[in-house]
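Please read them beside the coordinates.

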Amino acid sequence: MPTTLPATPPPGKKRIKTQQVVNGVPVDVEIDVDDVPDLSWGDNKKHRLLNTYLPRADGPAKTTGTAIYTADVRLPGMLIGRFVCSPHAHATVRSIDTATAEKMPGVKAIIPVALGRQVHFEGEPVVALAAITQEIAEDAVKAIIVDYEVLTHNVIADPSKPAPQRGGRQARGRGDETATNAALEKCDAVVEAEYRTKIVHHCCLETHGMVADYRGGATADVYSSTQGTHSIPGDAARTLGLNETDVTAIVQNMGGGFGSKFGIGIAGQWACRLSKQLKAPVKMMLTRRDEFLAAGNGPGSIQQFKAGANKDGTLVAVHAVQYALPGIGGSGLGSQPYQYKAKTFYNTLNTLNTNEDSSVAMRAPGFPQASFAMESLMDELAYKIGMDPLEFRKKNATNDAHRRQLDRGAKAIGWERRNPTPGGGTGVLRRGMGCGIGAWGGGGHAQCVVTLAIGRDGSVTVSCGSQDLGTGTRTYMKAIVAEELGLEMRDVLEKIGNSKLGDANASGGSTTAASLAPAVKVAAVNARKEMAKRIAALLGCKPEQVVFDIGKVIGDGKPLDWKQACAALPAAGLSVTGEWNAGLSGNGAHGASFAEVEVDMETGYIRPIKMVHVQDGGLPLNRLAMESQINGGMIQSLGMALYEGRVMDAKLGIMLNPGFGDYKLAGCLEIPELVPIIDDDDTRNVVIGIAEPANIPGVGAVANAVYNACGVRVRELPITPDKILNGMIRNV
Amino acid sequence: MPSTSKHQPKPQSGVSRRGFLKGVGAAAVVTDGILARATHAADMPPDAAALGKPISGPVEVALTINGQKRTVTIEPRTTLLSAIRDRLDPPLTGPKLVCDAGTCGACTVLLEGKAVYGCSVLAIDVIGKQITTVEGLGTPDHLSPVQAAFVQKDAMMCGFCTSGFVTAVTGFLNENPTPTLEEVREGCKGNFCRCGTFPHVFQAALTAAAHVKDNG
């Protein structure tokens with residue numbers, strides 16, 4: 001949480017600007033940190049392990065099914081929890097009849113919500129229960145009868161109507177509206193357009209869930225599928241009525257979060273309540289349907305623009321009215337004109353609430369939505385003034401990194417092959433290209449405490465309570481230590497995912513690597529210095545003369561192999577800690593996406609052909625994992641552009657597609673050729689997270705490619721064939 | 001206008017394939033035909049073999065998993081996935097429950113060498129058949145060619161879909177040892193990944209195929 005700082009940093013501290021993440025949403029803050037000399041990673045090109053292609057440390061475990069996730073945990077006497085959920089979008093619970101369920105053999109606990117409780121979205125839990133098997137738990141769910149008074153609901157956000165029951169957030173104006181409106185009068189070309197995006201879902205393959213293991217007494221273990229190991233014990237302890245320090249959170253592996261897994265959530269709360277009541281371990285994993293209905297989502301958006309440009313390619317004025325659609329919750333959207341500079345702009349942000357589950361952070365919260373709208377707008381303006389959309393972007397981008405990346409991406413996709421006339425050409429199948437840019441703050445902050453232990457037998461263990469969301473945390477922890485001490489990856493053991501290990505930030509806002517990697521580096525440097533002190537006497541040299549070469553420790557020309565050197569340690573070995581060092585992490589990641597698609601002019605079917613994403617991020621800790629992340633960003637962007645979206649029945653107030661059969665994701669048959677490009681022209685030798693920026697500009701790039709291919713501008717995601725065909729009718 | 005509604009929840013998965021399947025399992029699967037197969041199989045432990053008529057509750061059977069006969073108590077409606085993950089002791093948790101509806105492939109296992117969705121097969125229907133899970137393909141110290149290729153190409157991120165992909169690719173390569181990229185896509189289309197590992201999965205499948213070709 002941002003806190004109030006004194007006017008000047010206290011003695012021994014220095015003030016730096018960075019980002020902190022609250023519930024996955026990054027906030028720019030200034031913080032005071034220890035004023036220690038900054039360490040350096042050295043030149044990005046001179047690493048032995050970092051910045052190379054490193055296979056994932058947990059690859060063998062994950063490919064053989066031996067990696068254990070929360071969903072896999074089975075404990076002696078463990079019970080299975082399930083929810084009874086509201087089938088109504090808005091209702092009052094009048095009575096709950098559990099009599100039949102209570103008599104079912106194997107049903108151990110049924111906890112209903114208080115009568116009179118209002119539910120505000122379909123899927124909100126009204127009863128939690130636990131039974132000895134999943135089948136019995138599901139039978140019990142079916143046997144419970146809930147009587148509701150159904151209330152009026154609204155699941156369709158409409159900015160022309162007054163805000164619904166829970167009240168929309170008031171407009172927040174940025175920029176100068178009078179000047180913007182005046183400038184719009186004089187532009188060579190003006191575009192007025194409304195862009196819409198639907199509520200989208202994280203679709204973590206492992207649903208939200210917890211195994212709460214409380215068997216009476218003063219302590220409990222909680223296994224949680226979470227993005228924040230240390231975000232769990234506090235909430236769990238409160239629900240269990242225990243001391244926070246007596247609750248251990250365990251997160252060995254977790255099956256995807258994308259911003260939706262902070263804190264214990266409804267599954268965790270009820271797992272803890274049931275376990276406390278039963279004094280037995282309870283596993284509460286959401287069903288896939290629960291997950292869609294009640295585990296959070298990414299907000300939809302409605303963004304209304306009036307914007308103007310001059311024929312010379314100057315973006316003159318942007319007037320943007322944005323509405324976030326976060327269900328019953330709250331959400332921001334990236335502010336406009338996003339990564340472009342307009343001579344004048346005005347931007348407001350409102351919230352339109354509906355009777356749907358609350359939005360939560362989702363991979364670059366609110367930014368893919370904002371980027372899609374702005375990149376579509378930029379494209380429309382470029383075509384209107386008759387300028388190449390690529391050149392128009394380069395002329396108006398705020399950051400030079402984007403100009404560089406646009407050139408690089410254009411080359412990779414073959415922009416010169418692009419047909420400048422939208423829908424131009426002949427034939428049924430027509431191809432088009434589009435592009436977009438995005439940026440993200442990222443950056444690290446002081447929280448991680450890393451312990452590095454070296455045994456007399458030469459074993460090395462690096463540990464921290466952090467978690468690996470699939471981003472490669474374990475792998476870079478090993479690589480940093482191995483490189484510093486002259487070891488190989490296999491020589492270092494890593495331990496994460498336990499709240500009894502050192503403190504670590506939750507993984508949100510692309511801040512994990514930038515916060516954790518520096519602390520690992522500091523621990524490794526400290527270990528090297530401590531080792532040098534012990535070995536120097538043995539080798540007859542000064543500690544600063546000891547060199548750590550590959551598998552060898554050398555002093556005064558005399559080499560010891562690693563195990564010999566470690567034999568000189570005391571019986572307890574060596575244990576040092578490391579904390580974040582400001583000089584080892586940085587802020588500001590930039591990316592540019594390009595897409596090529598093919599549109600069937602008879603059916604409106606869109607076939608993705610190729611995507612390119614150029615991403616900077618300072619020092620790539622592991623190029624292989626970074627390319628995986630960039631691919632993932634492109635694929636999620638593609639999904640949002642063409643396939644994904646929550647579909648609601650306005651009358652019934654229910655979601656029509658709460659399952660993977662109907663909520664369409666990009667799959668094997670949709671994946672185009674993907675070209676992830678690490679922008680090595682960025683020579684900053686600091687660690688910057690890149691998960692979110694890789695997910696931002698691709699949506700607009702795909703939408704613009706569709707327009708270029710077929711001449712139909714679809715302003716509402718997802719861009720489905722029906723919208724293309726309707727657009728063709730309008731165009732005629 | 002407010003109205004009232006007495007709601008008894010329907011099966012959670014509505015009319016999903018698996019919901020239907022489980023309903024069938026609960027009501028009707030234990031026909032003479034099926035149990036005849038089961039009871040006549042030497043695999044059946046004595047108490048289960050005594051069951052000659054339809055059953056609706058738990059029954060102990062033996063399944064052949066990764067080359068071993070494993071005794072497990074199932075209900076007629078228990079899916080193969082649930083039998084393996086929730087009822088086998090100790091369990092095999094490589095195959096994952098993700099969609100519970102035969103759409104994602106995270107639960108893929110090999111049945112007589114062919115990839116099937118574990119969530120959409122009833123355990124009682126596979127008595128006496130060879131079942132292979134991802135754990136049966138290799139171990140962390142002795143990876144199968146497909147598993148090794150997945151590691152080499154970084155064909156995983158969070159890893160929750162990985163067991164299913166590894167198994168599906170293994171089953172697919174059994175049928176088509178020398179696929180093209182387009183054939184790999186077809187072979188993997190029953191599985192999906194949310195982190196976005198598809199391109200690396202395709203590369204891994206092609207790498208594994210090349211390895212098998214070179215090394216027999």
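**Notes on the model**

1. Arg684(A) sits in the loop that links β30 (673–678) and α15 (698–710) of chain A. Helices (H or I, at least four residues) and strands (E, at least two) are DSSP runs, numbered from the N terminus. Arg684(A) is partly exposed because it has 15 C-beta neighbours inside 10 Å. On this scale, 20 or more other C-beta atoms within 10 Å make a residue buried, 12 or fewer make it exposed, and partly exposed lies in between; C-beta atoms are placed from the backbone. Leaving out residues up to four places away in sequence, Arg684(A) touches Gly586(A) and Gly618(A). Contact here means C-beta atoms, placed from the backbone, within 7 Å.

2. On provenance: this is a predicted model, in which local features need pLDDT of at least 70 and side-chain atom pairs count only at pLDDT 80 or more, while totals for chains, interfaces and linings use all residues. Residues are numbered from 1 along each chain as its sequence is written, and chains are lettered from A and ligands numbered from 1 in the order in which they are written.

3. Chain A holds an open sheet of seven strands, ordered β5-β7-β3-β14-β11-β12-β13, with mixed pairing. β5 (107–112) and β13 (247–250) of chain A are the edges; each has a single partner strand, so one side of each lacks a neighbour in the sheet. The average twist from one strand to the next is 20 degrees. β5(A) pairs with β7 (residues 125–131) of chain A in the antiparallel sense, over five bridges. Pairing requires at least two DSSP bridges between two strands. Val107(A) has Ala131(A) of β7(A) as its bridge partner.

4. Which strands does α5 (residues 233–240) of chain A touch as it packs on the sheet? They are β11 (209–213), β12 (220–224) and β13 of chain A, and the helix direction makes about 130 degrees with that of β13(A). Helix α6 (residues 265–278) of chain A also packs on the sheet, and its direction makes about 20 degrees with that of β11(A). Axes are lines fitted to C-alpha atoms, for helices over the stretch in contact; angles run from 0 to 180 degrees between N-to-C directions.

5. Chain B has eight helices and six strands. Their order from the N terminus is β-α-α-α-β-β-α-β-β-β-α-α-α-α. Of its 216 residues, 56% count as buried.

6. At the interface, 60 residues of chain B contact 60 residues of chain A. β1(B) gives the largest share of the chain B side, five residues. That side divides into 26 nonpolar, 23 polar and 11 charged residues. Nonpolar covers Ala, Val, Leu, Ile, Met, Phe, Trp, Tyr, Cys and Pro; charged covers Asp, Glu, Lys and Arg; the others, Gly among them, are polar.

7. How many residues of α5(B) are buried? Eight of its eight residues are, and the helix is mostly covered. Among them are Phe150(B) and Gln152(B). The cover includes α1 (59–63) of chain A, together with α6 and α8 of chain B. After α5(B) comes Asp154(B), with a positive phi near 55 degrees.

Definitions and conventions. Two residues are in contact if their C-beta atoms, placed from the backbone, lie within 7 Å.
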